[in-house]
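Reader: Could you take me through this model? I would like to begin with the strand pairing.

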Amino acid sequence: MRTRRTVAITLAVICAGAGGPALAAVAGRSNGARVALTETAPLNTVPVTLTQTAPTPTTTTTDATTTSSTTTTTPPPQFVVCLASARRVIARRLGVKTTSISDRQFLATNGMPQCNYLIAHAHRGGPPGKVSLTVNVDNGPQAHWRLMRKVVEAEQIFGPVPKGFRPPIGIHGLGDNASWFPALDQLMANNLRARYLLTVGVIWHGTTQAQKIAITRAVTLFYRHIRRLPA
């Protein structure tokens, strides 16, 4: 009996140094009950709670400013090609009064200013009757080169000569490459400084080619000496 007591005291001392769980085990065993050992977290440990913070999306707003610009295109100046002095030249050639010649200016199909002179009844220079004269003034670039090319192209024939073909006829006294185009009843020439390409056409029924050339040459000669037309 003394021996058991001594053993119990010894175990109690050992369990006291080991901690609470051992004492609880000894106490439970001494009471005859079976108690399961439970593992707990240390008292000096602070539970860590992981908090995930979702990043706040940043929205950047950019104001786009659109600047619209309006471009105004200035049309080329309109030259005055219907001239009172030209009507006087036509009146002398056809034997009519200047007041009997009407004129009208407009843009032709080539986009250039053109004047139509209408004579109701010619008295000389050809058969009496209605005469229509057109003067087209082309102030585009390279007027001299374009006239030369026009003449060269009108003379070119590839293959057999077609029936009724009539090449351009050179006209003296109106500068280089001045020519009459029989198929068009037109005379083309440059002015003195090759600034303009002049095209003078005629409609005069019943007259000869020589008479058509004579009237268009007189009108071309007048416009040829104009260095700059009024705007």
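Predicted model: local features only at pLDDT ≥ 70, side-chain atom pairs only at ≥ 80, totals over all residues.

Reader: Which residue of β7 is the bridge partner of Asp 138?

Author: The partner of Asp 138 in β7 is Leu 197.

Reader: In what sense do β2 and β3 pair, and over how many bridges?

Author: Strand β2 (residues 113-122) pairs with β3 in the antiparallel sense, over seven bridges. Within this pairing, Gln 114 stands opposite Asn 136 of β3, and Tyr 117 has Leu 133 of β3 as its bridge partner.

Reader: How many residues lie between the strands of that hairpin?

Author: The hairpin of β2 and β3 has six residues between its strands, and Gly 125 in this hairpin takes a positive phi near 85 degrees.

Reader: Is β3 largely enclosed or open to the outside?

Author: Strand β3 (residues 129-138) is largely enclosed by the rest of the structure, because eight of its ten residues are buried.

Reader: Let us look at Asn 136 in that strand. Is Asn 136 buried or exposed?

Author: Asn 136 counts as buried, because its relative accessibility is 7% and the cut-off for buried is under 20%.

Reader: Now the whole sheet, please. What is the strand order?

Author: The sheet is open and has seven strands in the order β1-β2-β3-β7-β6-β5-β4, with antiparallel pairing. Strands β1 (101-107) and β4 (169-170) are at the edges with a single partner strand each, so one side of each has no neighbour in the sheet.

Reader: Which strands does helix α3 touch?

Author: Helix α3 (residues 84-94) packs on the sheet and touches β1, β2 and β3. The direction of α3 makes about 30 degrees with that of β2.

Reader: And which strands does α5 touch?

Author: Helix α5 (residues 209-224) also packs on the sheet, where it touches β2, β3, β4, β5 (179-181), β6 and β7. The direction of α5 makes about 145 degrees with that of β7.

Reader: What is the phi of Ala 194?

Author: Ala 194 has a phi near 55 degrees, again a positive value in a residue other than glycine. Ala 194 lies in the loop between β6 (186-190) and β7, and counts as partly exposed because its relative accessibility is 29%.

Reader: Finally, the chain as a whole. How many helices and strands are there?

Author: The protein chain has five helices and seven strands, arranged from the N terminus as α-α-α-β-β-β-α-β-β-β-β-α. Of its 231 residues, 29% count as buried. The accessible surface comes to about 16500 Å², and carbon and sulfur atoms hold 57% of that surface.

Note on methods. Residues numbered from 1 in each chain as written. Heavy atoms only, no water. Buried < 20%, exposed > 50% of the residue type's maximum accessible area, 1.4 Å probe, protein only. Helix = DSSP H or I, 4+ residues; strand = E, 2+ residues; numbered from the N terminus. Pairing = 2+ DSSP bridges. Areas by Shrake-Rupley, 256 points an atom, 1.4 Å probe, with all protein chains shown as cover. Contact = heavy atoms within 4.5 Å. Axes fitted to C-alpha atoms, helices over the stretch in contact; angles between N-to-C directions.
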